[in-house]
Amino acid sequence: MERNITKDIVFATVGDTSLALDLYQPKGKAKNGLIVWVHGGAWRSGSKDKVPILGLVDKGWTLASVNYRLSGQAHFPAQSHDIKGAIRFLRANQQEYRLRANKIFVIGSSAGGHLAAQVGVTNGQFQLEGSVGGNGNVSSDIQGIVSLYGASNLTTILNQSTPHGLSVRVPALEAFIGGQPEDLVKETQLASPVFHVDETDPPLLMIHGDQDPQMPINQSIELLGKYNELNLDVTFIPIHGAKHGGKAFFDAKRIEIMNQFLLSIR
């Protein structure tokens, strides 16, 4: 299916850093809702250019792929501030870009899955809102979350990790929160979605490989437990034999699961 693509829309400038997003719109009538895609890369790499869920655009969804400051540029909560700033920008400019942005859904993979969950379960939380890009009178609230093999509890992730996982996660956490979890307890909790879940949080879909050597599946299970405790709307789909990312998460079956999840949110 053909798509309308608008690249490099600058939504904020922080110091010398310009933050931009790419907009993918279906040709023809769009569904009522906008997807914000958050890329992975251990919080320290990656960009908006790689979007493995474009199959959702072909199903009629409008999608914005956003850049955020990487951990080499700024520690958390800068990443949350940037993504929420992008969401406010999209709502504030929905007429200009012909968006249907009453409902905004956030989807991310790996570190992006963590940030998607983090942004999604902190609607209205001042400390994580920030002022990036302005539009302070516009809501950054999220109506649905999809976390693909993402983290949820940075206070437990190292104890759950394989040796390979530790080789990735220890330096990644050092750059992301500015130290190790045991030394920065408050900062680590602030950066962990499980500590923010409350009865107002939006529906959540999680998909995780049960053989993931890099992001322990227990991270998704912990967030599942928090949602279940409060009887919130949550769907958890483990993929048997799947590791960290890959085609299994973005094939036609999984894209349709995401599509149906988004359609179910009223």
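1. Arginine 98 is found in the loop between α1 and β5, where helices (H or I, at least four residues) and strands (E, at least two) are DSSP runs, numbered from the N terminus. Its phi is positive, about 55 degrees, although arginine 98 is not a glycine. Arginine 98 is exposed, with a relative accessible area of 60%; buried means under 20% relative accessible area, exposed over 50%, and partly exposed in between (1.4 Å probe, protein chains only).

2. On the basis of the note: this is a predicted model, in which local features need pLDDT of at least 70 and side-chain atom pairs count only at pLDDT 80 or more, while totals for chains, interfaces and linings use all residues. Residues are numbered from 1 along each chain as its sequence is written, and side-chain values use heavy atoms, with hydrogens and water left out.

3. On the overall fold, the protein chain has eight helices and eight strands. Its C-alpha trace spans about 50 × 40 × 35 Å along the principal axes. For 266 residues, a compact globule would have a radius of gyration near 18 Å, and the 17 Å of the protein chain agrees with this; the radius is taken over C-alpha atoms, and the globule rule is 2.2 Å times the number of residues to the power 0.38. Of the 266 residues, 56% count as buried. Among contacts (heavy atoms within 4.5 Å) between residues at least 6 apart in sequence, 76% join residues at least 24 apart.

4. Two further backbone features deserve attention. Most residues other than glycine have a negative phi, and most peptide bonds are trans. Tryptophan 43, in the loop between β3 (34-38) and β4, has a positive phi near 70 degrees. Tryptophan 43 is buried, with a relative accessible area of 0%. A cis peptide bond, with omega about 15 degrees, joins phenylalanine 76 and proline 77. Proline 77 lies in the loop between β4 (62-66) and α1 (78-92).

5. Serine 110 is placed in the loop between β5 (104-109) and α2 (111-120). Serine 110 is buried, with a relative accessible area of 9%. Leaving aside neighbours within four places in sequence, serine 110 is in contact with Leu148, Tyr149, Gly150, Ala151, Met215 and His244. As for α2, 10 of its 10 residues are buried; among them are Ala111, His114, Leu115 and Gln118.

6. The largest pocket has a volume of about 210 Å³. Of the 13 residues that line this pocket, the closest to its centre are Gly40, Lys50, Pro52, Ser109 and Tyr149. A pocket is an open set of points on a 1 Å grid over the protein atoms alone, where a 1.4 Å probe fits, with protein on both sides within 12 Å along at least five of seven lines; lining residues have an atom within 4 Å of a point. The lining divides into four nonpolar, eight polar and one charged residue.

Definitions and conventions:
Grid points are joined across faces, edges and corners, and a volume is the space filled by probe spheres set on the points. Ala, Val, Leu, Ile, Met, Phe, Trp, Tyr, Cys and Pro count as nonpolar, Asp, Glu, Lys and Arg as charged, and the others, Gly among them, as polar.
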